[in-house]
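Please look over the sequence and structure before reading on.

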Amino acid sequence: MFLQPLIDAVEPVSSTVQMPAAMSEGAESIDWLFYGIYWFSVVFIVGITGAMLYFVWKYRRRPGVSAAPTKDHTGLELFWTILPLGMCVVMFHVSYKTYITNAIAAENSMEIRVRGQRWSWSFQYPNGESEPTQLWLPIGKPIRLIMSSSDVLHSFYVPAFRLKKDTVPGMYSQIAFTPNKLGDAQIYCAEYCGAGAAEGSGGHYSMLGQVKIVTAEEFEKHMKEISKMPDGMTPDKWGQELYVKNNCATCHSVDGSAGTGPTFKGVYGRKETLTTGQQVEVDDNYIRESILRPQAKIVKGFETGNMPPFVFTDEKIEALIAYLKTVK
Ligand code: CUA
């Protein structure tokens, strides 16, 4: 089971009672709006309920006192129509401004691709490198996330940014923000996207991830790290690391057990029968094609797996091939 753990103590302490720490500029304006409307409502609920109780008591039925009819008062009617209308207009205006701030990216913002797929998030940076589960961001840099889904509806949700947006198959959605606090923030999927086919294969509940807000130097260092094989590592070991990090184990076991996709035990050199009835041998070319275009040649019996394509560099694909050769 490759359930990503919920983040731990690195998360900054929240300054508000009802929400996690705000970690972007946009989040602070949403909190301000939220608490503004919240206290506005508290004052009116207490005021209106109090006045109601007072009048119920004051004008209760008493012996010898008969009810007197009330008359229209145009001034009063205008007052309680126009004043609340004005309040609503102000609330709408402030909300709309806040909404626009979070929907439209600053001109110099960094564009990052977010892909949702059952059951993980992956992120592609401006340099073309992608990584699963973790979204690294440099502090103080305006960010624009361009989001899509490889299969069904998901919803990218980061409470620390107060942002949630659906990722929809066949179209792009986007959000914009500027992270302004160092630390980790939790990513959730907020759209029920499936229960998982087999036991231990994950599901909507396991579609978690982390945002890591770091300094510009740490960000640059991380970009270098994810693009090449770590020093002192062999391709097959790196391939194994990529297998774990990219949640391949969700569908492809290495111990021969059945999953959503064919097991990787003894996969290299194996003869497979495709859905077309054609026979193929699992070699370097077949593995490469199946990573980049998984729907091209599907092994018979795995028609419903629906693997999404993975955007990997040649070095990463070759490392995965080297690893698969070792899984016997
Ligand atoms: Cu993806 Cu829930």
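## Terms and model

In what follows, Ala, Val, Leu, Ile, Met, Phe, Trp, Tyr, Cys and Pro count as nonpolar, Asp, Glu, Lys and Arg count as charged, and the others, Gly among them, count as polar. By these classes, the lining of the largest pocket has 22 nonpolar, 14 polar and 5 charged residues. The model is predicted.

## The largest pocket

The largest pocket holds about 850 Å³ of space. Its lining is made up of 41 residues, and those closest to the centre of the pocket are Cys251, His252, Gly261, Pro262 and Met307. Helix 5 provides the largest share, 4 residues.

The volume of the second largest pocket is about 430 Å³. Of its 25 lining residues, Glu131, His222, Ile226, Glu241 and Lys245 are the closest to the centre. At least two lining residues come from each of strand 3, strand 4 (134–138), helix 3 (216–227) and helix 4. The largest share, 5 residues, belongs to helix 4.

The lining of the second largest pocket divides by class into 9 nonpolar, 8 polar and 8 charged residues. Domain 2 (110–225) and domain 3 (235–326) each supply at least three residues of this lining.

## Cavities

There are 2 cavities of 30 Å³ or more in the model. The largest cavity has a volume of about 110 Å³. Its lining consists of Arg115, Gln117, Ser122, Ser130, Glu131, Pro132, Asn246, Pro309, Phe310, Val311 and Phe312. Of these residues, 5 are nonpolar, 4 are polar and 2 are charged. Glu131, part of this lining, is also one of the residues closest to the centre of the second largest pocket.

Strand 1 (110–117) and strand 3 (130–132) each give at least two residues to the lining of the largest cavity. Strand 3 gives the largest share, 3 residues. The largest cavity lies between domain 2 (110–225) and domain 3 (235–326), because both give residues to its lining.

## Aromatic pairs

How many aromatic pairs does the structure hold? The count is 16. One of them is formed by Phe92 and Tyr96, whose rings are stacked, with 5.8 Å from centre to centre and 15° between the planes. These two residues are 4 residues apart in helix 2 (residues 74–103), so about one helical turn separates them. Phe92 is exposed, with a relative accessible area of 56%, while Tyr96 is partly exposed at 47% relative accessibility.

Another pair, Tyr243 and Tyr323, is tilted, with ring centres 5.5 Å apart and 45° between the planes. This pair links distant parts of the chain: Tyr243 belongs to helix 4 (residues 235–245) and Tyr323 to helix 6 (residues 314–326), 80 residues apart. Are these two tyrosines buried or exposed? Tyr243 has a relative accessible area of 6%, which means that it counts as buried. Tyr323 is buried too, with a relative accessible area of 7%.

## A ring cluster and charges over rings

Phe34, Tyr35, Tyr38 and Trp39 are linked into a cluster by ring pairs. Elsewhere, two charged side chains are placed over tyrosine rings. The charged end of Arg113 sits over the ring of Tyr172, at 5.3 Å from the ring centre. Lys164 lies over the face of Tyr157, 4.5 Å from the centre of that ring.

## A loop residue

Ala67 is found in the loop between helix 1 (25–58) and helix 2. With a relative accessibility of 79%, Ala67 counts as exposed, because the cut-off for that class is over 50%. From Ala67 to Lys224 the separation is 157 residues in sequence and 83 Å in space, taken from C-alpha to C-alpha.

How values were computed:
Residues numbered from 1 in each chain as written. Predicted model: local features only at pLDDT ≥ 70, side-chain atom pairs only at ≥ 80, totals over all residues. Heavy atoms only, no water. Phe/Tyr/Trp six-rings, centres within 6.5 Å; stacked < 30°, edge-to-face > 60°. Buried < 20%, exposed > 50% of the residue type's maximum accessible area, 1.4 Å probe, protein only. Lys NZ or Arg CZ within 6 Å of the ring centre and 35° of its normal. 1 Å grid on protein atoms, 1.4 Å probe; cavity = no way out; pocket = protein on both sides within 12 Å on 5 of 7 lines; lining within 4 Å. Points joined across faces, edges and corners; volume = space filled by probe spheres on them. Domains from an automatic or database assignment.
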